[in-house]
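Dear colleague,

Please find below the structure that I am handing over to you. The findings follow directly after it.

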Amino acid sequence: MNVLHKDPRIKMMFQDKGAKNQMRKLAEEMYELQEALHEYYANPTDENRKHAIEESTDVIIMISQFQNDIEMEDDEFNSFIEYKIQRQLQRINEKFHLNTKK
């Protein structure tokens, strides 16, 4: 899905800053994304939408750096995505069946 981690610039960014720094930066970027999404859903303007996209991009870039550093292969990543989606769909399905039995 996300092939950005294969971009050599991603590796360069991670190597320049180091794992410890980038872990802190990832937490910072995730917080900024949370704030941007909160603002968008409270006030869904085009400006707030663009800000949410910008912050999402920052988080994806940070995650891509860690994917590159731990040498995560696409098939491994995609299999986890598929597992997580299927698990969530199963939970939704189970909740739906519980609600229809009442």
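Which residues of H2 are buried? They are Gln22, Leu26, Glu29, Leu33 and Ala36, where buried means under 20% relative accessible area, exposed over 50% and partly exposed in between, with a 1.4 Å probe and protein chains only. These buried residues of H2 pack against H1 and H3; contact here means heavy atoms within 4.5 Å. Helices are DSSP runs of H or I with at least four residues, strands are runs of E with at least two, and both are numbered from the N terminus.

Please note that this is a predicted model, in which local features need pLDDT of at least 70 and side-chain atom pairs count only at pLDDT 80 or more, while totals for chains, interfaces and linings use all residues. Residues are numbered from 1 along each chain as its sequence is written, and side-chain values use heavy atoms, with hydrogens and water left out.

The helices H2 and H3

At 1.5 Å a residue, the 24 residues of H2 should span 34 Å, and its end C-alpha atoms are 34 Å apart, which agrees. The expected span is 1.5 Å times one less than the number of residues in the helix. Helix H3 (residues 46-69) also has 24 residues and should span 34 Å; the C-alpha atoms at its ends are 35 Å apart, which agrees. The buried residues in H3 are Asn48, Ala52, Glu55, Val59, Met62, Ser64, Gln65, Phe66 and Gln67. As a general point, an α-helix has 3.6 residues a turn, so residues three or four places apart point the same way.

H2 and H3 pack with their axes 8 Å apart, at an angle of about 155°. Axes are lines fitted to C-alpha atoms, for helices over the stretch in contact, and angles run from 0 to 180 degrees between N-to-C directions. H2 and H3 are therefore roughly antiparallel to each other; angles under 35 degrees count as roughly parallel, over 145 as roughly antiparallel, 65 to 115 as roughly perpendicular and the rest as oblique. The residues of this contact of H2 with H3 divide into 13 nonpolar, five polar and seven charged. In these classes, Ala, Val, Leu, Ile, Met, Phe, Trp, Tyr, Cys and Pro count as nonpolar, Asp, Glu, Lys and Arg as charged, and the others, Gly among them, as polar.

Tyr40 is found in helix H2 and counts as partly exposed, at 22% relative accessibility. Leaving aside residues up to four places away in sequence, Tyr40 touches Thr45, Asn48 and Arg49. From Tyr40 to His51 the C-alpha separation is 8.3 Å, and the two are 11 residues apart in sequence.

The helix H1 and its neighbours

How does H1 lie against the other two helices? The axes of helix H1 (residues 8-17) and helix H2 (residues 19-42) come within 6 Å and cross at roughly 105°. H1 and H2 are therefore roughly perpendicular to each other. In this contact, Met13, Phe14 and Lys17 of H1 meet Ala19, Asn21 and Gln22 of H2. By class, the contact of H1 with H2 holds three nonpolar, two polar and one charged residues.

The axes of H1 and H3 come within 9 Å and cross at roughly 90°, which makes H1 roughly perpendicular to H3. From H1, the contact involves Ile10, Lys11, Met13 and Phe14; from H3, it involves Ile61, Ser64, Gln65, Phe66, Asn68 and Asp69. By class, the contact of H1 with H3 has five nonpolar, three polar and two charged residues.

Asp7 is in the segment before H1 and counts as buried, at 16% relative accessibility. Asp7 and Gln65 are 58 residues apart along the chain, and their C-alpha atoms are separated by 9.4 Å.

Two exposed residues

Glu71 is placed in the loop between H3 and helix H4 (74-100). Although Glu71 is not a glycine, it has a positive phi of about 55°. At 64% relative accessibility, Glu71 counts as exposed.

Lys50 lies in helix H3 and, at 51% relative accessibility, also counts as exposed.

With kind regards
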